[in-house]
Amino acid sequence: MKFTKMHGLGNDFIVVAGEKELPAGADQLAIQLCNRFFSIGADGVVFILPSEKADFQMRIINSDGSEAEQCGNAIRCVSKYVYDHKLIDATEITIETIGAGVQKVQVHVQDGRVVTARVDMGEPILQGLQVPTTVDADEVIDYPIEVDGTSFRFTAVSMGNPHCVIYVEDAVNFDLATWGPKLEAHPMFPRKINVEFATVRDRAYTDMRVWERGAGPTLACGTGACATLVSSVLNGLSDREATVSLKGGDLFIEWLEEDNHVYMTGPAEEVFTGKL
C-alpha cells in the first residue's frame with residue numbers, strides 16, 4: 001500500500017489512493033498507522049475512492065478507529081492530492097462525503113500545484129436533535145451544560161459532523177486536555193461531539209482550540225472553524241466573514257446569506273510519500 005502524508009494547518013493525515021472500496025479492517029489499520037511512536041503517526045487515515053455521485057469519494061478513519069462523517073482539512077488535502085497527482089485536471093472538483101453529501105471545491109493553483117482550496121461546506125444543521133444533541137429545539141444557542149460540577153454554555157452546529165462551541169476568556173491557553181474529553185462523551189451528545197473553545201477578538205477574528213471526536217487535540221479542524229463562525233454569528237459576536245485562528249494557522253470562513261452555505265478557504269500540504 002502506497003501512502004502520502006499530508007496536513008491542513010497541522011491536522012495531519014495518511015492519504016491512501018487507488019483502493020476500489022474501503023478496505024476490510026480499516027479501523028484497526030488506522031489505529032496502527034496513526035500511532036505516533038510506533039508507526040507513521042497521524043490524526044487519521046483518508047481513503048480516496050471512486051464515486052458514482054462525484055469526481056471522488058473521501059472516507060476518513062480517525063486515529064481511534066472510528067469513522068468521521070466529514071473533515072474540512074482532509075477535503076482540502078484530498079483536493080490537492082487529486083490535482084497535484086494528475087488524477088483530475090479541473091480546478092473545480094466534487095468530493096463525496098458520507099456525512100455532508102457531495103461538496104464542491106475550488107482549488108487555487110500556482111506553478112502547477114494547489115496552494116489553497118475554497119470548499120463549499122454546505123448548509124449548517126442547527127436543529128438540536130439533528131446535530132445530534134438531546135435538546136429538542138430548532139436552534140441550540142448558549143445552552144447550559146455541566147461537567148464535574150463546572151458549568152459551561154454551548155452552541156450546537158453540525159457541518160455534516162457534530163460540534164459544540166463554547167466561548168471562554170482565553171481559548172489559546174484553555175485547559176483542553178481536561179475538559180475536551182469530558183465534553184466529547186457527555187450524555188447530552190448521543191454520538192459524541194467535537195468541542196471548540198473560542199475567544200472572539202473582534203467581529204472578524206476569532207481564536208479557537210479544538211478537541212476532535214475520535215482524535216483528541218489537533219492543531220486545526222476545518223469543520224470546527226466553520227461551526228465556530230456559524231455559532232459566533234448566531235450569538236451576535238461575529239460578522240458572516242471572519243478569520244478563525246487555530247493552533248496550526250488560520251482559516252477564512254464565510255457564511256453567505258444568499259445560499260445559507262458555509263465556505264472555508266485554507267491551505268493543504270504534502271509532507272512525504274511512502275510504501276507499507
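Predicted model: local features only at pLDDT ≥ 70, side-chain atom pairs only at ≥ 80, totals over all residues.
Phe3 has 8% relative accessibility, and buried means under 20%, so I wrote it down as buried.

I then checked what Phe3 pairs with. Its ring centre lies 6.1 Å from that of Phe272, and the planes stand at 85°. Over 60 degrees counts as edge-to-face, so this pair is edge-to-face. Phe272 is partly exposed, at 36% relative accessible area. Phe3 belongs to strand β1 (residues 2-8) and Phe272 to strand β18 (residues 269-275), so I noted a pair that links distant parts of the chain, 269 residues apart.

I searched the whole structure for aromatic pairs and found five. Phe154 is in strand β10 (residues 150-158), while Phe189 is in the loop between α3 (176-184) and β12 (194-202). Together with Tyr143 they form one aromatic cluster.

Next I looked for charges over rings. Lys182 lies over the face of Trp179, 5.3 Å from the ring centre. The charged end of Arg240 sits over the ring of Trp255, at 4.3 Å from its centre.

Last, I looked for cavities. I counted one cavity of 30 Å³ or more, and the largest cavity holds about 120 Å³ of space. Its lining has 17 residues, with Asn62, Ala68, Cys71, Glu212 and Arg213 nearest the centre. Strands β2 (11-17) and β4 (56-62) each give two or more residues to that lining. By class I noted six nonpolar, seven polar and four charged residues.

Note on methods: Residues numbered from 1 in each chain as written. Heavy atoms only, no water. 1 Å grid on protein atoms, 1.4 Å probe; cavity = no way out; pocket = protein on both sides within 12 Å on 5 of 7 lines; lining within 4 Å. Points joined across faces, edges and corners; volume = space filled by probe spheres on them. Helix = DSSP H or I, 4+ residues; strand = E, 2+ residues; numbered from the N terminus. Nonpolar A, V, L, I, M, F, W, Y, C, P; charged D, E, K, R; others polar. Phe/Tyr/Trp six-rings, centres within 6.5 Å; stacked < 30°, edge-to-face > 60°. Buried < 20%, exposed > 50% of the residue type's maximum accessible area, 1.4 Å probe, protein only. Lys NZ or Arg CZ within 6 Å of the ring centre and 35° of its normal.
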